[in-house]
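Trainee: Please take one part of this model and look at it closely with me. I would like to start with a helix and the salt bridges around it.

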Amino acid sequence: MKRSLVLAGGGMRVAWQAGVVRALAEEGLEFDHVDGTSGGILTAGMLLSGIGPEDMCARWSAVDVKDFGSALPFGDYLKGPWSLPALGDADGLLNKVFPALGIDDATIRARAAEPGAVGGSFNVVEFTGKRCHPIDATEIDAELMAAGMSLPIFLTPLRRDGKIWTDAVWVRDANVQEALRRGAEEVWLIWCIGNSPYWGEGPLEQYVHMIEMSAMGALLADFDAARAAGRDFVLHVVRPAHPLPLDPEFYLGRISADALVAMGYRDAREYLASRVAEGLPKDEHCTAMSEPAPGVRYTDRLRGSLDGQELGLTAVVEMPAGGTGARLSGFLDSERFGARRFLAGGRVEASGDMLRYRAEILLDGGWHKLTVTRTFHDDPGPDAWTDSRSAVLELEGFPAAELRMALGDAAALIASVEPVGSHGFLDRASAAAGFISNGLRELLERY
C-alpha cells in the first residue's frame, strides 16, 4: 500500500509534529511520500534531509524561537505601519532555524534523486498567479522553503525572477490532493491547526480563525474532489484533542519545544491505540477538537538516579479546575535508556495530599508501566522542604527510585503555571488562582 505523510501547518508549534513522527516510526510506519505546508515544511525538511525521529525531537530542544523572525533594515520601519513590508524577514529561518533543525536543501535534492527515494513536496504559493505549487524535493531550495513559511504581515515574501512566493496557508494548509496525485492509497494527515467551535475576540485570535477556515475549507475541497473523481483512500489523522498554544505563548516561553514534542508523542500514541484499518470519515469531523476545560498547565521536573545512572523526569500536566480529568505528557532522560523516552497513556490521580503520575514508556521493544508518586505533607520535624520535594518513581522491571526537586526546578514549576481554556485577563487570572488554592497550594506556599 502506497502511503503519504501530509504535514499541515501550525507555525512554530510544529515542534509538536516531531513527537508524532517519533511515535509513528516506533510503530513501524514507513512512507513513500512526505508533503509539507507552511510550518509543516520544517518537519518535511528534517525528514527529507535524513534526520531521524529521535534526532528530530532532540534538535527542537536547541532551537531559539526568537530566531524564527529577524529584523528588516531599519529604514523599512521608518515607513510607518501602513507601508511596512512585514514585521520581519526570513533570514532567521534560513541562517539559524534551518541549520539548528538539520534542514539542508542540497541534501534534500541529492537524496530525492536517488533510486527508490521517498518522494517529497513543499507547498509554496506564487502570488501573481494565486496558485499553490507543490515543489518537488528534487527542485526545492532553502529560499523557497522559507517563502513557504513566510506568513503575510509577519515575514516578507520571496521576490524572484519577477514572481512573488509566500506561505500557502491561505490556499491550502495540507495538500492531500498532491498525495493522491502521487498515488497514495493511505494518507496520514498530521494536523496541528486548531479546529474547535470557539470564536475568540481580538485581532490575533481572529487572524488565526481566518487561517483555520481557509485550512479546513481547502481540506474539505480535497475530500470533495477525490469523492467526485471516485478516488478512494484510507485517511488517518493525528491531531491534538484541544487546540495547541498559539505561537505567542511559545515565543514568550509559556510553552517549550520539549513540551510540545511530548504532547505530539502523547497524541499520536492515543490515535495509534484506537485506530481502525478503514481509517476516519473524510469530513469536517476528522480534525475536530474541543476547547479544554478552564484550568492550568504546569511543568514538573524531578531528578534522581536509576541503576546507577542519572535520571530526569519532566511531566507536563494540564490540570482542569477541581483536579479531575488532568492530562499528562512528558519524558524521561537517562543514559540508561539511550535516547529520551516519552510518556504515553499518561494520566494524573490526585487524592488528599498525594499526586500520582501514571504512564507507560517504550523500552527495549516493550511497554513498561511508570508511576511517580508525589506526597505534599510536612512530617514532624524541621524538614518541610525535604518532605515536599521528594517523589518515588516506580518503573516496571526496575527498582524503585527516589526523585527530588531542586530549588531551581521549584521556581521553574511556579513560573510555568499557565492558564488554559480561559480567555481574557480576568478569566485567566481566575483559573490560575483556582489552581493555586486547590491542586498544588501547599507546594506553592512552601516554595
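Mentor: First, a term: buried means under 20% relative accessible area, exposed means over 50%, and partly exposed lies in between (1.4 Å probe, protein chains only). Helices (H or I, at least four residues) and strands (E, at least two) are DSSP runs, numbered from the N terminus. This is a predicted model, where local features need pLDDT of at least 70, side-chain atom pairs count only at pLDDT 80 or more, and totals for chains, interfaces and linings use all residues. Residues are numbered from 1 along each chain as its sequence is written, and side-chain values use heavy atoms, with hydrogens and water left out.

Now the helix. Helix α11 covers residues 257-274, 18 residues in total. From its first C-alpha to its last, α11 reaches 26 Å. That is close to the expected 26 Å, where the expected span is 1.5 Å times one less than the number of residues. Of the 18 residues of α11, 14 are buried, so the helix is largely enclosed by the rest of the structure.

Next, a side chain on this helix. Side chains of opposite charge can pair when their charged atoms come close. A salt bridge here is a side-chain nitrogen of Lys or Arg within 4 Å of a carboxyl oxygen of Asp or Glu. R269 makes one with E26, at 3.0 Å from N to O. R269 sits in α11 and E26 in helix α1 (residues 15-26), so the pair ties together parts that are 243 residues apart in sequence. R269 is buried, at 10% relative accessible area. E26 is partly exposed, at 26%.

The whole structure holds 33 salt bridges. One of them joins R181 and E178, at 2.8 Å from N to O. These two are 3 residues apart in helix α8 (residues 176-181), which means about one helical turn separates them. R181 is exposed, at 60% relative accessible area, whereas E178 is buried, at 3%. Another joins D300 and R374, with the closest N and O atoms 3.1 Å apart. D300 lies in strand β9 and R374 in strand β15 (residues 366-375), so this bridge ties together parts 74 residues apart in sequence. Both D300 and R374 are buried.

Last, confidence. pLDDT is the predictor's confidence in each residue, from 0 to 100. The protein chain averages 90, and 92% of the residues score at least 70.
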